[in-house]
Amino acid sequence: MMTTQGNHLNEELYQLMKAGVHFGHPAHKWNPKMAPFIYRQKKGIHIIDLIQTTHLLSEACKLLSLAAKQKKKFLWVGTKQQAADVIAIEARRSKSHYVNYKWLGGMLTNWTTIKARISQLKDLENQNEQGFLELLPKKEAITRRKQLFKLRQCLGGIRYMKSLPDLVIIIDQKREWTALQECLKLGIPTICITDTNGDPDLVDIPIPANDDARASIRYIVSKLSEAIQEGYSF
């Protein structure tokens, strides 16, 4: 039994290393609060302790699976280029909401206004699908199509979100600072991929990992997505 568990751990550590999850930020950019999650420093770069990553990733997956069994709703937030497409794919796979283009201030704390913007998005989509825009003067049609494009970029991933999410998954704490602050203000639990420049004390479950490499983001996000899918399947 121990051998089987050991083999599983070794395989996971190998996959994490293969994805570059262990590469942190330059040492001079670190947050001292991340010290417990750092294995060592190499050539001026902090190397993340993957044993810690494995443990916290497992904890996050357990929480997500349990929450999904309880039919909770999730919101993914990852607007950096390396994360945007992965977030959209895995959010759809896990029947979750997502923001992968730009976080609009007040997306959670001013939910009433955001709901109105979502209604505007749906109205414009209906007008477009029914050919109404074709009947408008050219200038007006162009203006509305531009509005539609921008609203889809910013709100397309939350178009079916009817209320505040039960849990938010964040990629890159620094970049998504406003989203994190809104979650803290509203008391919404968070799971966050936290690099060596982040603050693990601000989130419920920090997953120490490289938040810049696409392969690293993809590996962590796919594991979290699978946990949600597993929970919803019950």
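The model is predicted: local features need pLDDT of at least 70, side-chain atom pairs count only at pLDDT 80 or more, and totals for chains, interfaces and linings use all residues. Residues are numbered from 1 along each chain as its sequence is written, and side-chain values use heavy atoms, without hydrogens and water.

A cavity is a set of points, on a 1 Å grid over the protein atoms alone, where a 1.4 Å probe fits but cannot get out; lining residues have an atom within 4 Å of a point. The volume is the space filled by probe spheres set on the points, which are joined across faces, edges and corners. The count is 1 cavity of 30 Å³ or more. β5 and α5 (138-155) each give two or more residues. α5 gives the most, with 4 residues.

Helices (H or I, at least four residues) and strands (E, at least two) are DSSP runs, numbered from the N terminus. Strands pair if DSSP finds at least two bridges between them. An open sheet of 5 strands has the order β5-β4-β6-β7-β8, with parallel pairing. β5 (97-99) and β8 (205-208) stand at the edges with a single partner strand each, so one side of each lacks a neighbour in the sheet. Strand β6 (residues 167-171) is joined to β7 (residues 190-194) by 4 bridges. Val168 has Thr190 as its bridge partner in β7.

Conventions: 1 Å grid on protein atoms, 1.4 Å probe; cavity = no way out; pocket = protein on both sides within 12 Å on 5 of 7 lines; lining within 4 Å.
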